[in-house]
Amino acid sequence: MLDVPTLTGAALPSAAPWTARPAEPRHVTAYRALRRDVFVAEQGLFDGHDLDRTDEDDRTEVLVAVDAADRVLGGVRLAPAIEALDAAGRDIGWWTGSRLVVARGARGAAGIGAALVRAACARAAELGVLRFEATVQVRNRPLFDRLGWQAWGTAEVQGRPHVLMRWPVTRAADLVAATKSALAALVEPLREHTGPAALGGAGFVGDDGAPVPGTDVVAACDAILPAMIERDPEWAGWCAVLVNVNDLTAMGARPTGLMDALGAPTPSFARRVLNGLHSGSQAWGVPVLGGHTQLGVPASLSVTALGRTDHPVPGGGGRPGHSLSLTADLSGGWRRGFEGRQWDSTSSRTGAELRHLAGTVGAARPHAAKDVSMAGVVGTTAMLAEASGTGATIDVAAVPAPDGAAAGDWLTCFPGFAMLTTDPPGTGRMTSPLATTAECGELTAEPGIRLRWPDGETTAAVDGPATGLGRA
C-alpha cells in the first residue's frame, strides 16, 4: 500500500536541486527516520515506529529523493504484497508501494512526491510486476488521478478513509499489440480462398501449423528475428528447429522433416547458423531435407517443418468452461543476452528427452493446444481463446513457473518448451516427468484475458482479440 501522508504544506520559495534514485543503506536509515518524523510524530498514525514485515523483506526496494548534499528529502518503498506472499508462498508479481513520505520543508513546488510515485511505477515495470497498487488517503487521490492511477475500492486505515488505487500494467497487452494485432489485416488477401484450400483449413484458422488437404501431413513455418541471428547465430539455428518442432507438437504431429531458407552476409556466418540448425536437427531427430542459401545479404532465417498425424489437435478447440492448463519444462535458465525474454530449457536436454516432450500433446490429445511462443503465456492464451470463440481467466498463483523468474517476465517470454491446453475440468491428460502440468485457469464466455489473484480480484491483461482472425 502507498500509505500517503500529506504531500501539501509549506512550499519552498524555490525548489532546490534534487534527484530521485535507488536508496543505498545510508539513505534507507535516513528514510526510516523521516517516516518516523512524519507518520509517528507529525501525523500520529503509529505509536513509537512504523516498521513492519515489508521492511524485513529482502525484496523490498526503497527509492529516495536526495539533494546536492545527499540529504534525503523523501522516499517510497515497493515490495511484494503481503497478501500474495501469504497466499501463494512466493512472489507472483503482485506488488504494492507504501510509506511515501516527503520532508515538511520539501513539500509543494518541488514535485518530489509525484516524482517518487513515477519512479516507483517505472521500477515495478522493470521488476516484472503485473499488479501494482496503493492505499491512498482520500485528500491525496487527485495526485494519483493526475498520474494515471485508477481507483478500484475504498478502505479505512488507522480510522481514516483511504482509496484503493491501481497502476494500469499493460505489459502483456503491449506485447500482443506489437507481435500479433496486425495479422488479420496483413493476411486478408489470403483469406479470400475458400474450401479445402482456405487459409489454415476449416477449424484451424490461427493454428500453429496447417493440415495439408487430403493428407495426414501438417506443415509449419517460422522465421527468426534478424537481430537474434546477428547476436547469436548458432542459437538462432537451434531455435529455428525448436519453434517449428513446438508448432508441430501443439498440433499433435510427429516431425518428419525440415526445409530452411538462409540469408547471410558471409560464408562463415552462414556456417555458424547452419551449425545450430544441424545441432537442433540431430537433437530432435528431424532431418533437414533441403532449402535455399543466399550469401552477401543481411542475416535472415526461415524454416518450414513437416509432420504427420491422422488427428491434428486444433488451437481453437476450447469451449467456455474448459480448464486451461500449462505444461512447461521449468529446467534451465535465461538465455545469456536474452534475459527476461527467452528461457532456455532445451539446450541442456538430451535428444531422447526433447523427442519425448515433442510427443506429449499427441499422446494426451487435448481438446485444444497451442505452444507458448513469442507472445508469452498471456498472449498465447489470448490467441487460443480467440480461435475458440471464448475469453479466459488465468490464475496467476497456479501458473507453473521456475524459481528466479519474475512473474511479468515468465508470463510474457518465450519459455523454451511450454504448451497451453484445454479440456473439461479434471479430464486433462498432459503429463511428463520432464515438465510440470497444472490447471491454471478456465475459458470463459466473456471475451478478453484476465488475471485472477489470490484475493479474488481480477485485472485486465488483454482486452480485445489477439490477431483479429476470429474464431477458427
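Analyst: The account below begins with the sheet, moves to its helices, and ends with the aromatic rings and two further places in the chain. Please note that the model is predicted.

The sheet is open and consists of five strands, in the order S8-S9-S12-S10-S11. The pairing between these strands is mixed. At the edges stand S8, residues 210-211, and S11, residues 288-295, and each of these two pairs on one side only. Strand S8 is joined to S9, which spans residues 217-224, by two bridges, and the two strands run antiparallel. In one of the pairings, Ala210 has Ala219 in S9 as its bridge partner.

Two helices lie across this sheet. Helix H9, made of residues 233-250, lies across S9, S10 (254-264) and S12 (300-308). The direction of H9 is at about 145 degrees to S9. Helix H10, made of residues 267-284, lies across S10, S11 and S12, and runs at about 170 degrees to S10.

Helix H10 also has a helix as a neighbour. Two packed helices are described by the angle between their axes and the distance between the axes. For H10 and H11, the latter being residues 351-358, the angle is about 70 degrees and the axes are 7 Å apart. Because angles of 65 to 115 degrees count as roughly perpendicular, H10 is roughly perpendicular to H11. The residues that meet are Gln282, Ala283 and Trp284 on the side of H10, and Gly351, Leu354 and Arg355 on the side of H11.

Charged side chains placed over rings come next. The charged end of Arg335 sits over the ring of Trp235, at 4.0 Å from the ring centre. Likewise, the charged end of Arg231 sits over the ring of Phe338, 5.2 Å from its centre.

The pairing of aromatic rings can be followed across the whole structure, where a search finds eight aromatic pairs. In one of them, the ring centres of Phe144 and Trp149 are 5.3 Å apart and the planes stand at 90 degrees, so this pair is edge-to-face. Both Phe144 and Trp149 are buried. Trp149 also pairs with Trp167: their ring centres are 6.1 Å apart and their planes are at 50 degrees, so this pair is tilted. This second pair links distant parts of the chain, since Trp149 is in the loop between H5 (141-146) and S6 (150-157), while Trp167 is in S7 (160-167), 18 residues apart. Trp149 has a relative accessible area of 4% and is therefore buried, whereas Trp167, at 26%, counts as partly exposed. Together with Phe132 and Phe144, these two residues, Trp149 and Trp167, form one aromatic cluster.

Two further places complete the account. Strand S16, residues 368-371, is joined to S18, residues 418-423, by four bridges, and the two run antiparallel. Within that pairing, Asp371 stands opposite Met419 in S18. Ala368 and Lys370 point one way from S16, Ala369 and Asp371 point the other way, and all are buried.

The other place is Gly408, which lies in helix H14, residues 407-410. Gly408 counts as buried because its relative accessibility is 0%. Setting aside residues up to four places away in sequence, Gly408 touches Gly128, Leu130 and Arg171.

Definitions and conventions. Residues numbered from 1 in each chain as written. Predicted model: local features only at pLDDT ≥ 70, side-chain atom pairs only at ≥ 80, totals over all residues. Heavy atoms only, no water. Buried < 20%, exposed > 50% of the residue type's maximum accessible area, 1.4 Å probe, protein only. Pairing = 2+ DSSP bridges. Contact = heavy atoms within 4.5 Å. Axes fitted to C-alpha atoms, helices over the stretch in contact; angles between N-to-C directions. Phe/Tyr/Trp six-rings, centres within 6.5 Å; stacked < 30°, edge-to-face > 60°. Lys NZ or Arg CZ within 6 Å of the ring centre and 35° of its normal. Parallel < 35°, antiparallel > 145°, perpendicular 65-115°, else oblique.
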